[in-house]
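The sequence and structure come first.

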Amino acid sequence: MGIQGRILTGHRPTGRRHLGHLLGTLEVWARLQEKYECFFLIADYHVLTTDYEHPQLLRENICECLLDWLAAGIDPRRSTLLLQSAVPAHAELSLLLSMLVTVPRLERNPTYKEQVQQLGLVERASLGLLAYPVLQAADILIYRADTVPVGEDQLPHLELTRELARRFNALYGDLFPEPRPLLSPTPRLTGTDGRTMHTSYGNTIPLSASPEEVQEKVWGMVTDPARIHPHDPGHPEVCPVNAYHLALERETAEPVAEACRRGEVSCAEHKRRMAALLTERLEPYRRIREEMAGREEELWDILRQGSRRAATLAQATLEEVRSRMGLPRLRQEDAGRPLNLTGRLCC
Ligand code: TRP
């Protein structure tokens with residue numbers, strides 16, 4: 001089967017990836033590499049939209065994120081893995097696209113409103129945060145990607161990307177495909193405490209967790225609150241341990257859920273089985289840290305090479321955009337067209 005299109009997707013490097021990332025996205029991305037030309041982006045500029053006060057963490061978090069991607073089977077020989085800040089064309093296209101969107105349109109973005117509320121930024125939201133989705137649109141459009149695998153929370157950003165593509169095309173002629181979102185089929189898992197899964201709530205299980213850490217996390221998980229005694233009939237549909245088990249391995253989860261309903265499997269027993277399954281599944285994530293310990297330079301090399309490859313394509317799009325928007329070609333990198341003796345550019 002031929003290649004079905006071009007994908008761009010990415011993560012903000014906020015540290016180690018967790019179970020929610022694995023089941024919802026990373027495993028899906030790994031499979032998409034077979035059918036699409038894929039660009040996987042580590043969006044380090046995007047981290048700075050909220051987390052600019054911890055520069056000492058950023059480089060380490062980029063490595064952590066990349067390690068988990070590699071362990072999940074995101075393959076730098078097959079796909080392009082790139083670092084946003086290493087391809088300056090993203091930032092430049094973002095600036096140019098920012099001319100085509102109004103401030104009120106960006107202020108209506110639900111993700112922006114939520115962040116402003118949650119981070120208490122009412123009077124202090126930065127221009128960078130407001131322009132977050134414009135940069136994201138640039139990430140996608142600079143490669144003229146047609147497919148963007150994302151979670152539901154990213155749909156408003158995709159919508160803005162599509163609007164910007166339409167607006168540009170209408171003003172300057174067709175250049176950008178309108179990228180379509182590809183929603184992950186896995187339902188969202190709750191955190192180990194039953195609340196929304198979020199690193200800052202401490203209710204996630206990192207992919208590189210040790211077997212002891214997995215056991216401890218699973219042991220602390222909430223289950224069906226109505227189940228007091230081990231042999232009470234349980235309600236697996238409200239139990240996070242069951243939800244995790246289902247997401248990890250449906251075939252073994254269903255019979256255990258039935259047994260739980262009949263009061264034949266206790267919560268403790270179910271946790272023990274689920275922890276064993278999870279520990280086994282996470283083996284590659286622990287192993288890659290052992291293998292790569294002290295070989296950080298190889299990680300930077302992967303990103304350096306991927307970013308170099310990406311930059312060639314990004315630069316070609318950017319030049320086309322600059323030219324259509326009327327900017328003159330005077331820069332060194334304007335496709336190597338040398339200045340002639342009169343100082344004018346040979347176009
Ligand atoms: N906003 C995305 C997130 O928080 C990360 C991201 C940045 C992204 N640029 C992107 C995702 C482009 C898809 C496409 O997860």
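In the side chain of Q154, an N or O atom is 3.0 Å from a nitrogen atom of the ligand. For Q136 the distance from a side-chain N or O atom to a ligand nitrogen is 2.9 Å, and for a polar side-chain atom of Y132 it is 2.8 Å.

The protein covers 93% of the 370 Å² of accessible area that the ligand has on its own (Shrake-Rupley method, 1.4 Å probe).

The model is predicted: local features need pLDDT of at least 70, side-chain atom pairs count only at pLDDT 80 or more, and totals for chains, interfaces and linings use all residues. Residues are numbered from 1 along each chain as its sequence is written, and side-chain values use heavy atoms, without hydrogens and water.

## The shell around the ligand

There are 14 residues around the ligand (a heavy atom within 4 Å of it). R12, Y132, Q136, D139 and Q154 come nearest. α8 (132-141) is among the elements that supply at least two shell residues, and α8 gives the most, with 4 residues.

## Cysteines

The count of disulfides (cysteine sulfur pairs within 2.5 Å) is 0. C65 is in no disulfide, and the nearest cysteine sulfur, that of C63, is 9.9 Å away. The sulfur of C260 is 6.3 Å from that of C267, the closest cysteine sulfur, which is too far for a bond.

Definitions and conventions:
Polar contact = N/O pair within 3.5 Å; in protein donor to acceptor, adjacent residues only side chain to side chain.
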